[in-house]
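The structure under discussion is shown below.

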Amino acid sequence: MAPETLQPRTDSALPEQAMAPQPWRIRSVRPDVASNEVFSWTLYPEPGVEPGPLPTPGQFNMLYLFGVGEVPISVSAITADGGIVHTTRAVGSVTRTMQDLGPGAVVGLRGPFGTAWPVEQARGRDLVLVAGGIGLAPLRPVIHAALERRDDFGHMVICYGARSPGDMIFRDELEAWGARDDLDLRITVDRGTAAWRGDVGVVTQLVDRGGFDRRNTLAMTCGPEVMMRFAAAALERRGLKPEDIFVSMERNMRCAVGFCGHCQIGSQFVCRDGPVFPYPVMEPAFRIREL
């Protein structure tokens with residue numbers, strides 16, 4: 001939850017890695033869709049760099065392209081040897097420049113920032129994850145963590161919606177998750193193709209199928225805000241309490257430390273108080289048209 005007082009922190013209260021980008025090198029680049037509009041970098045710190053703590057699921061880093069600009073990108077995985085994976089969609093001047101970089105390029109990184117998904121709070125409970133489009137990327141570390149400790153969680157449901165079959169990301173992992181008998185993976189697309197044999201429609205229709213214990217379930221959702229609003233409504237229809245639903249509000253962040261106010265929603269600063277929020281904190285904002 002957000003603190004009662006939301007005064008900006010002073011420079012002296014911020015760790016060095018929060019303010020000064022440190023050089024990290026791209027070890028590998030993976031195109032996540034055929035058009036390369038969505039791609040994943042695996043980054044490692046340059047020799048001599050003392051990185052901050054490893055991010056926890058739900059947190060983000062600020063990635064800086066020298067001479068171009070800086071963008072907030074969620075962490076989509078942590079490798080066994082401490083590499084950090086960021087999955088990005090090329091939509092603006094900075095991310096389109098990122099799209100052209102290959103292995104060996106050096107970028108700036110500062111972080112991690114933000115609140116995390118309540119993975120520990122979900123232990124012993126059913127877990128429902130609802131993702132839309134690239135919103136699967138911030139939830140991917142939750143899936144990895146839950147599968148590594150599968151016995152710590154109850155029934156696990158992943159509902160994923162994409163614009164089309166060609167827009168689905170992490171297709172190899174989706175295939176592997178779908179083959180497991182201890183995981184309920186549900187996928188839908190807005191527009192099917194002649195070869196598509198799955199569901200067509202909005203992701204919330206997958207939530208309506210249930211398959212989890214409404215009395216003992218924790219849900220996490222990430223994607224376009226309208227999707228999260230309807231996903232939360234569907235989860236409530238299935239009997240979940242609003243306080244057992246968490247949303248990630250990754251929108252309009254620029255400074256990552258609550259100074260610029262660009263990501264303010266009411267009394268909340270997404271970069272400082274989020275991006276992961278209990279749904280009741282964000283529910284009033286979801287009711288405001290075109291917020």
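## Helix α6 and its surroundings

The buried residues of α6 pack against β7, α5 (204-207), β11, β12 and α8 (279-286). The model is a predicted one. The buried set of α6 consists of Met 227, Met 228, Ala 231, Ala 232, Ala 234 and Leu 235. Because these residues cover an arc of only 160 degrees around the axis, they lie on the same side of α6. The helix has 13 residues, and the distance from its first C-alpha to its last is 18 Å, close to the 18 Å expected at 1.5 Å a residue. After α6 comes Gly 239, with a positive phi near 105 degrees.

## The seven-stranded sheet

An open sheet is formed by seven strands in the order β10-β9-β8-β7-β11-β12-β15, with mixed pairing. Its edge strands, β10 (199-200) and β15 (276-278), each pair on one side only. Within the sheet, strand β7 (residues 126-132) and strand β11 (residues 217-222) run parallel and are joined by six bridges. Opposite Val 128 stands Ala 219 in β11.

Two helices that pack on this sheet may be described in turn. Helix α4 (residues 171-178) touches β8 (156-162) and β9 (184-189), and its direction makes about 135 degrees with that of β9. Helix α6 (residues 225-237) also packs on the sheet, where it touches β7, β11 and β12 (245-248); the direction of α6 makes about 165 degrees with that of β11.

## Strand β4 and its partners

Strand β4 (residues 69-78) is mostly covered, with seven of its ten residues buried. Strands of a sheet pair through backbone hydrogen bonds, either parallel or antiparallel. Strand β3 (residues 60-65) pairs with β4 in the antiparallel sense over six bridges, and Met 62 stands opposite Pro 72 in β4. Strand β5 (residues 84-89) also runs antiparallel to β4, to which three bridges join it; here Val 85 in β5 is the bridge partner of Ala 77.

| Hairpin | Residues between the strands | Glycine with positive phi |
|---|---|---|
| β3 and β4 | three residues | Gly 67, near 80 degrees |
| β4 and β5 | five residues | Gly 82, about 90 degrees |

In the hairpin of β4 and β5, Gly 82 is located in the turn.

Technical notes
Residues numbered from 1 in each chain as written. Predicted model: local features only at pLDDT ≥ 70, side-chain atom pairs only at ≥ 80, totals over all residues. Heavy atoms only, no water. Pairing = 2+ DSSP bridges. Helix = DSSP H or I, 4+ residues; strand = E, 2+ residues; numbered from the N terminus. Contact = heavy atoms within 4.5 Å. Axes fitted to C-alpha atoms, helices over the stretch in contact; angles between N-to-C directions. Expected span 1.5 Å × (residues − 1). Buried < 20%, exposed > 50% of the residue type's maximum accessible area, 1.4 Å probe, protein only. Arc of directions from axis to C-beta.
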